[in-house]
Amino acid sequence: MKELNIGANLIKNRRRRGITQEELAEYMGVSKASVSKWETGATYPDITLLPRLATFFNISIDDLIGYEPQMTKEDIRRLYRQLCRDFSEKPFEEVIEHCREITKKYFACAPLLFQIGSLYVNHCMLAGSPEKISLIMEEALELFIRVREESRDVALQTQAMNMEAFCLIQLGRSDEVLSLLSTHEMPMMSPEPLLASAFQMKGNLTEAKRTLQVGMYQTVLSLLSLLLPYMGLCGDDNTSFEESRRRILAVAEIFDLKTLHPGTLLSVYIYIAQEFTKRGNEEQALAMLDSYADLVLSDIYPLKLHGDSYFNLLDDWLEDNLALGSDLPRDESVVRKSMITSVSDNPVFAPLVNNTRFQNIIRRLRNGAEDTI
């Protein structure tokens, strides 16, 4: 991240011009001591002098003062990782205040604002009370709205719009979600096949394969994000419910999500267990929670996004194209805690709390996490 650096820039440009402090002072109508203080950072030039200084060196005022309203992709990634660690180690309010200070400083940097909003969404549960969680979600919402309205990056605008809708759903503002998304045109065709064909025509088979792998990977995750809520909407239609469940688990098995994306499979197990509990089918719910615990306690750590033996060209793409690279949006210690609370503190599972098998599942999760949290 860059700070104001007038002193170093004055020295650099003065030496480039081959002039002394006295000569610069004479041109600016100030003392040599004033120029010396500017260059050492003891004081800053008066704001009215900045245009004249910039003109003298034939540079912009931003170049003169070293101000950079944008952060690089690498800076954002490093900052996000550090803030994730801070959320896992420091008081929540202290980290939130730090995030707010960063937001004010780089309010023109849309990619950073998007990631700060994502940080809020992924860590708001640490705020404590439902009221505080809602306030953090409101802050995230405002950031996503700004990104959607101000960014010139169409892909980032779309991501921000989707996160805006997510926040609105969490806040119970369904009418605004419908207004936001109802006029949004859905793509009729994925671009990956065309891109792969272009790479193939140029003889670049590796990039052609990578492009299709990326498309398949994203489509599998997107398909599951559609199938799960559809299953939940089936209500008393047992046939549709069971068929949806079968297809969800079949997709997970065919694409080996235990290896490829265990985080998504954990969400699948929790979602299905919740639906079985709502339907009063405790045995099936507990079977899903047993599978959930088995996966949590298996060798899936450290948690990173990655390919596998089939998606063997995915790793470089994840690192180069995702804002956070292969990192997850939360620190692993926070994720491990949430793996327990997703079961132990989940109100949907209240009917199971006195069940010995359910209690054993909670015990297994807690015992397995003792050495890692």
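**Exercise 1. The packing of H6 on H7**

Leu79, Leu83, Asp86 and Phe87 of H6 meet Phe92, Val95, Ile96, His98, Cys99 and Ile102 of H7; the model in which these residues are examined is a predicted one. Determine how the residues of this contact divide by class, and state whether H6 runs roughly parallel or antiparallel to H7.

*Solution.* 
Step 1. Sorting the residues of the contact of H6 with H7 gives eight nonpolar, one polar and one charged.
Step 2. Two packed helices are described by the angle between their axes and the distance between the axes.
Step 3. For helix H6 (residues 73–89) and helix H7 (residues 92–105), the axes cross at roughly 160° and come within 9 Å.
Step 4. Angles over 145 degrees count as roughly antiparallel, so H6 is roughly antiparallel to H7.

**Exercise 2. The packing of H17 on H19**

*Solution.* 
Step 1. Helix H17 (residues 282–296) and helix H19 (residues 332–344) have axes 12 Å apart, and they pack at an angle of about 170°.
Step 2. The contact of H17 with H19 comprises five nonpolar, two polar and one charged residues.

**Exercise 3. The second largest pocket**

Describe the volume of the second largest pocket, its lining residues and the classes into which they divide.

*Solution.* 
Step 1. The volume of the second largest pocket is about 240 Å³.
Step 2. Its lining consists of Tyr80, Arg81, Cys84, Arg85, Leu303, Lys304, Leu324, Asp327, Leu328, Arg330, Asp331 and Glu332.
Step 3. H6 supplies the largest share of this lining, with four residues.
Step 4. By class, the lining of the second largest pocket has seven charged, five nonpolar and no polar residues.

**Exercise 4. Two buried residues**

Explain why serine 151 counts as buried and why glycine 215 counts as buried, and locate serine 151 and glycine 215 in the chain.

*Solution.* 
Step 1. Serine 151 lies in the loop between helix H9 (130–150) and helix H10 (154–170).
Step 2. Buried means under 20% relative accessible area; serine 151 counts as buried because its relative accessibility is 9%.
Step 3. Apart from neighbours within four places in sequence, serine 151 is in contact with Ala110, Arg146, Leu156 and Gln157.
Step 4. Glycine 215 belongs to helix H13 (residues 205–233), and its relative accessibility of 9% means that glycine 215 is buried.
Step 5. The C-alpha atom of glycine 215 is separated by 7.9 Å from that of serine 190, 25 residues apart along the chain.

**Exercise 5. Backbone geometry in loops**

Characterise the peptide bond that joins tyrosine 301 and proline 302, then phi of asparagine 58 and phi of aspartate 256.

*Solution.* 
Step 1. The bond between tyrosine 301 and proline 302 is cis, with omega about 0°; proline 302 is in the loop between H17 and helix H18 (314–321).
Step 2. Asparagine 58 has phi near 60°, a positive value in a residue other than glycine. Asparagine 58 sits in the loop between helix H4 (50–57) and helix H5 (61–65) and is exposed, at 70% relative accessibility.
Step 3. Aspartate 256, also a residue other than glycine, has a positive phi near 50°. Its loop is that between helix H14 (238–254) and helix H15 (257–260), and at 35% relative accessibility aspartate 256 counts as partly exposed.

Technical notes. Residues are numbered from 1 along each chain as its sequence is written. This is a predicted model: local features need pLDDT of at least 70, side-chain atom pairs count only at pLDDT 80 or more; totals for chains, interfaces and linings use all residues. Side-chain values use heavy atoms; hydrogens and water are left out. Buried means under 20% relative accessible area, exposed over 50%, partly exposed in between (1.4 Å probe, protein chains only). Contact means heavy atoms within 4.5 Å. Axes are lines fitted to C-alpha atoms, for helices over the stretch in contact, and angles run from 0 to 180 degrees between N-to-C directions. Angles under 35 degrees count as roughly parallel, over 145 as roughly antiparallel, 65 to 115 as roughly perpendicular and the rest as oblique. Ala, Val, Leu, Ile, Met, Phe, Trp, Tyr, Cys and Pro count as nonpolar, Asp, Glu, Lys and Arg as charged, and the others, Gly among them, as polar. On a 1 Å grid over the protein atoms alone, a cavity is a set of points where a 1.4 Å probe fits but cannot get out, and a pocket is an open set with protein on both sides within 12 Å along at least five of seven lines; lining residues have an atom within 4 Å of a point. Grid points are joined across faces, edges and corners, and a volume is the space filled by probe spheres set on the points.
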